[in-house]
Amino acid sequence: MKVAVAGCCHGALDKMYETLELLQRRHNVRPDLLLCCGDFQAVRNEADLRCMAVPAKYRHMQTFYRYYSGEKKAPVLTVFIGGNHEASNHLQELPYGGWVAPNIYYLGYAGVVRFRGLRIGGISGIFKSHDYRKGHFECPPYNQQTIRSAYHVRNIEVFKLKQLKRPIDIFMSHDWPRSIYHYGNKKQLLKMKSFFRQEVESNTLGSPAASELLQHLKPTYWFSAHLHVKFAAFMQHQANSKEELPKATKFLALDKCLPHRDFLQIIDIEHDPSAGDSLEYDAEWIAVLKATNSLVNVTQSSWNMPENNGLHAKWDYSATEEAIKEVLEELNHNLKIPCNFTLTAACYDPSKPQKQVVPVHTINPQTTEFCAQFGLTDINDRIQQAKEEGSVRGECEDEEEEEEMDSTGSAEEPSEYNTDNSGLSSINPDEIMLDEEGGDEDLSTCSVDPSPDHPPEFSASFSDIRIMPDSMAVSSDDTMDSTNEELEKSGVSKLVEEKSLNERPLKRISGDENGNSGIKIKRRNQAIYAAEDEDKTE
């Protein structure tokens, strides 16, 4: 089975799907599935734009709304996770996952599904230690804090995923697992992105939560995006026991979706030929959701998940074979995810702009149906209840909830991760980057509204599929020999390559506000879109 993997889409769905169609026309390669590793930007209207954490001048509609309205339909089944540049109000409607448009499925805060026998999992958002132990309390209209905290990974999602015991074939995260760069061509990575050096050398680049999941799940493939650079690695896992067979993970980070970038990867993966073509629920994941339902928290209180430390009556929430069997019986062994996409907001109309529309908190019928079917808590319904009871932004102080939290987790326990974010200061607080480096110089393309005056010129932008270049070969000591062979065996061998242009690098910024020489640091959620202004002033 051919699986296409894309990095940060940034709302450019037309561009992404047209690239796949070009691939089929030129090379007779038709992917069966498309995976997107975050920054999908499922923006339906102007209200959604206001819920996206980017500067106002970079809030452009892009093309998702055409798929939401039914004007267009995704030509291939698309499964994606959330990143840190999303219409958070839209994705929040589907905490357990669901259809954002026909044939486009969101995995939720965390989720596992099946397609043609493959188990595909993912976790949305990025890691920030100061929000990691909070509940999902945010709801629109967001303020300056919650518009960002809404996409920060929470410990409950990591805890749920760590309950899985059965093998995972593919896993997606937006930010990279911390330390993965030690298993790839680190020298080449630092050559392309030299401002990563401090974080790489101090081992603070990436998400410790994702790293923990990588060590636990040991998936065959792990795909990420976020840092806007292509990078491959091969990680051999240690067996937990003599009986356990050795496992390895092929890691691949994708570039952003832009002309003249290698943003798309085609991978051949073995699948079950007897399995159907429908996206399916994963019975073990559903059983884990049912088992952990009592842990749902919609408050800002920080607390750790249960663990075997003498403070909790229960800490193992993994699914038993009996619980998995019960899920299968509930579904009559029909795991097909219903195609129950529903419009929950007005769609953008270019002829009738609505710039003053205010985002509202919406309960999606898909989530209501899912929760009713499996006996789960609708997180958004719980937030609404808390607001009606007079709490602010979900800070419910209901005594029964407090008693429930006391029996499962504790706000007084120390965090499992160091809350000092200083080591992440140049990469991960939404995110910060140095303007010195090139590599983001043409990102302004992503913020151009679709227009008849700017038709895509894909025939001039894309060249042939090619074998993975030497720069993508990986090993722990920056040599190319041993792991290149492993990657060739894995099927990670074909790329959609785009012709390079004579691009101007971003300007070096010298001198701080006090007149001292140095490099200016800018927030990534502004800097990744700032290339357009840089070019205009040059």
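First, some ground rules. This is a predicted model, so local features need pLDDT of at least 70 and side-chain atom pairs count only at pLDDT 80 or more, while totals for chains, interfaces and linings use all residues. Residues are numbered from 1 along each chain as its sequence is written, and side-chain values use heavy atoms, with hydrogens and water left out.

Okay, the overall picture. We have 538 residues, and 57% of them count as buried. Buried here means under 20% relative accessible area, exposed means over 50%, and partly exposed is in between, with a 1.4 Å probe and protein chains only. The protein exposes about 22400 Å², and carbon and sulfur atoms supply 46% of that; the areas come from the Shrake-Rupley method with a 1.4 Å probe, and for residues only the protein chains shown count as cover.

The secondary structure comes to 19 helices and 17 strands. Those are DSSP runs numbered from the N terminus: helices are H or I with at least four residues, strands are E with at least two. As for contacts, meaning heavy atoms within 4.5 Å, take those with a separation of 6 or more: 81% of them are between residues 24 or more positions apart.

Now let's look at strand β11, residues 247-253. Six of its seven residues are buried, so β11 is largely enclosed by the rest of the structure. Which strands pair with it? One is β9, residues 221-224, in the parallel sense over four bridges, and there Trp 222 stands opposite Phe 251. Another is β10, residues 231-237, which runs antiparallel to β11 and is joined to it by seven bridges; here Met 235 stands opposite Thr 249. To count as a pair, two strands need at least two bridges between them in DSSP.

Closest to the centre of the largest one, out of 19 lining residues, are Tyr 106, Tyr 109, Ser 124, Ala 150 and Tyr 151. A cavity is a set of points on a 1 Å grid over the protein atoms alone where a 1.4 Å probe fits but cannot get out, and lining residues have an atom within 4 Å of a point.

Pro 140 and Pro 141 are joined by a cis peptide bond, omega about 0 degrees, and Pro 141 lies in the loop between α5 and α6. His 10, in the loop between β1 and α1, has a positive phi near 55 degrees and is buried at 0% relative accessible area. Asp 39 has a positive phi too, near 50 degrees, and is buried at 1%.

Last stop: Glu 284 in helix α11, buried at 2%. Leaving aside neighbours within four places in sequence, Glu 284 has contacts including Arg 119, Lys 165 and Arg 166.

Definitions and conventions. 1 Å grid on protein atoms, 1.4 Å probe; cavity = no way out; pocket = protein on both sides within 12 Å on 5 of 7 lines; lining within 4 Å.
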